[in-house]
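Reader: I am new to this structure and would like to know what stands behind the words used for it. Please go through them term by term.

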Amino acid sequence: MKPEVILHSFGYLTEAAGVTIAVSLAGIVIGFAVGALVCAARVSHRLSLKRIGTLYVSVFRGVPLLVQLLFIYYFLAEFGLDVPAIVAAVSGLALSSAAYQAEILRGALNAVPRGQSEAAVALGFAGVDVWRRILMPQALRISIPPLINEFILLLKASSLVSVVGIAELTRVSMNIASLTYRPLEAYVGGGLFYLAINLVLAGFGAIAERRLAIGGVR
Amino acid sequence: MARSNQVFITRRVALKAGLAALAASGGFVAATRAAFAEDTLAEIKKRGELVAATEMQFPPFDISDNGVYKGLDRDLIDAVGKELGVKVTYLDLPWTSVLPGLEAKKFDLVIAPVTITKERMKHYAFTVPIADATAALMKRADDKSIMKPEDIAGKTVGGQKGTSQVEQLKAFAAKLPKPVEIKEYVDNNQSYADLAAGRVDASVNSLPNLAYAAQQRSDTFALVLPPFGQPTYFSWVARLDDKSLVDAVNTAILKVSADGRMAEMQKRWFGQTMELPKTVPAPTI
């Protein structure tokens, strides 16, 4: 074990960690927006929308992310649609994460007791307000732990975007391993960066949970 | 009531987003189709940029040293770019994505060293050789049981999956008195790591790669000489129909060889000079 390998490559690893964070963050944010739409479709009373939502989740949760990335980057090019690497990486992460996030949100909505919306309607809340003031805040609170879980999974899955040529953390660790012929040190270095990022992410989750918590209420 | 309201908004937003995406992708298709209609060489000259791809995990040919691309391929393609009068952009892709990416027209030229084989000649256009690719073996420095290539009989050897060196090893092993167990890895570095860890007894790769590895970690690795394989060469590859690009690159490589710049690069990265054929040799494997 030669720790100086990690120290020598510290700047390179930091840069790669920045790429991992940027790609993952974009994937999380866009994934949340798309996921919310898919969730809305799935809980809709319109059968056609419900079916589209279900189909989306089945496809993007059922096909491995690696295959999705290869499809977006290489297969679409066969049809003349030249997707730039960074767009392929972010959209691959976002579209697949959206399927999981949609299901997390749907589960959270279902977990809000039915009596809540019934009571709101009885108290004279308008339809939109029932959603905005009663259902969504409670569902969001319930969904935070599984969402943070999903964000951490996505951040680790972002190592797959190297197949479209993005030099993220895992890829750079491999580069360092091949340059120095010291794989152990290179992967330990990369692993420590992942751990640090995910601890910060989990910390944000804990803060969000605390801020949204209401005394005495679950 | 509440729910249908929500759905209505959602649907309108989704429709708008969908239309925007459709319009954007339509523009994309039109633009890229027009670009692909031209000859690749003419297109490279017009945009003033040659886009080349390799896997930067193949020392001494392709290395990413703290994010800076280095190696023999870098020096050579820079010289070629200068001859063609264009800027060179490098992409780092995993080896398994490199040839599919070329076919999908994600870049113009593969500057990863590709061994010339009969099978590959059918699918890709090869440039003149850029280096020797003859397969050789590397062992642990303290291993006295392997002194010549034939000593691997009855032992385990690791190599990178899908490489011609592994294929050559299989042919070589078939002629040995005892069977050789061959472990195939995603990349050579895992094979080297397992060699250092004692899980395999030798690693197979091309002679220049192994010579560099053995030199960088002489405490751990040693070469097994002579190379066991048929004489083979590394070239760069382009799409089969890009004849004009390959001709231009060949002319540039031969000029770089003739004026002594190639010998300088070889000394820098291989520690020695080597003679290379001036035309694409007929594949021996």
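Author: A residue is called buried if 20 or more other C-beta atoms lie within 10 Å of its own, exposed if 12 or fewer, and partly exposed in between, with C-beta atoms placed from the backbone. This is a predicted model, in which local features need pLDDT of at least 70 and side-chain atom pairs count only at pLDDT 80 or more, while totals for chains, interfaces and linings use all residues. Residues are numbered from 1 along each chain as its sequence is written, and chains are lettered from A and ligands numbered from 1 in the order in which they are written.

Reader: Why does B:M138 count as buried?

Author: B:M138 has 27 C-beta neighbours inside 10 Å. The definition asks for 20 or more, so B:M138 counts as buried.

Reader: What makes B:K148 exposed?

Author: B:K148 has 11 other C-beta atoms within 10 Å. The limit for exposed is 12 or fewer, so B:K148 is exposed. B:K148 is found in the loop between β9 and β10 (156-160) of chain B.

Reader: How much of each chain is buried?

Author: In chain A, 44% of the 218 residues are buried. In chain B, buried residues make up 43% of 285.

Reader: What makes up chain A in terms of helices and strands?

Author: Chain A has 9 helices and 0 strands. Chain B has 10 helices and 14 strands. The C-alpha atoms of chain A fill a box of roughly 70 × 50 × 20 Å along the principal axes.

Reader: How do you know that helix α7 of chain A falls short of a straight helix?

Author: The expected span of a helix is 1.5 Å times one less than its number of residues. Helix α7 (residues 127-157) of chain A has 31 residues, and a straight helix would reach 45 Å, but the end C-alpha atoms are only 39 Å apart. There is also a kink of about 50° at A:I144, shortly before the proline A:P145. The bend is the angle between axes fitted to the seven residues ending at a residue and the seven starting there. Buried residues of α7(A) include A:W131, A:I142, A:L147 and A:F151.

Reader: Why are β2 and β4 of chain B said to stand at the edges?

Author: The sheet is open, with 3 strands in the order β2-β3-β4 (chain B) and antiparallel pairing. β2 and β4 (68-70) each have a single partner strand, so one side of each is left without a neighbour in the sheet.

Reader: What makes β3 of chain B a partner of β2 and of β4?

Author: Two strands pair if DSSP finds at least two bridges between them. β2(B) and β3 (residues 62-65) have 2 bridges, and β3(B) and β4(B) have 3 bridges. Both pairs therefore meet the definition. B:Q57 has B:I63 as its bridge partner, and B:D65 has B:V68. A hairpin of 3 residues joins β2(B) to β3(B). The hairpin of β3(B) and β4(B) has 2 residues between the strands, and B:N66 in the turn has a positive phi of about 50°.

Reader: Which domains does chain B have?

Author: Domain bounds come from an automatic or database domain assignment. The assignment gives domain 1 (40-132 + 233-270) and domain 2 (135-224) of chain B. Their C-alpha centres lie 27 Å apart, and 11 residues of domain 1 are in contact with 9 residues of domain 2.

How values were computed:
Helix = DSSP H or I, 4+ residues; strand = E, 2+ residues; numbered from the N terminus. Contact = placed C-beta atoms within 7 Å.
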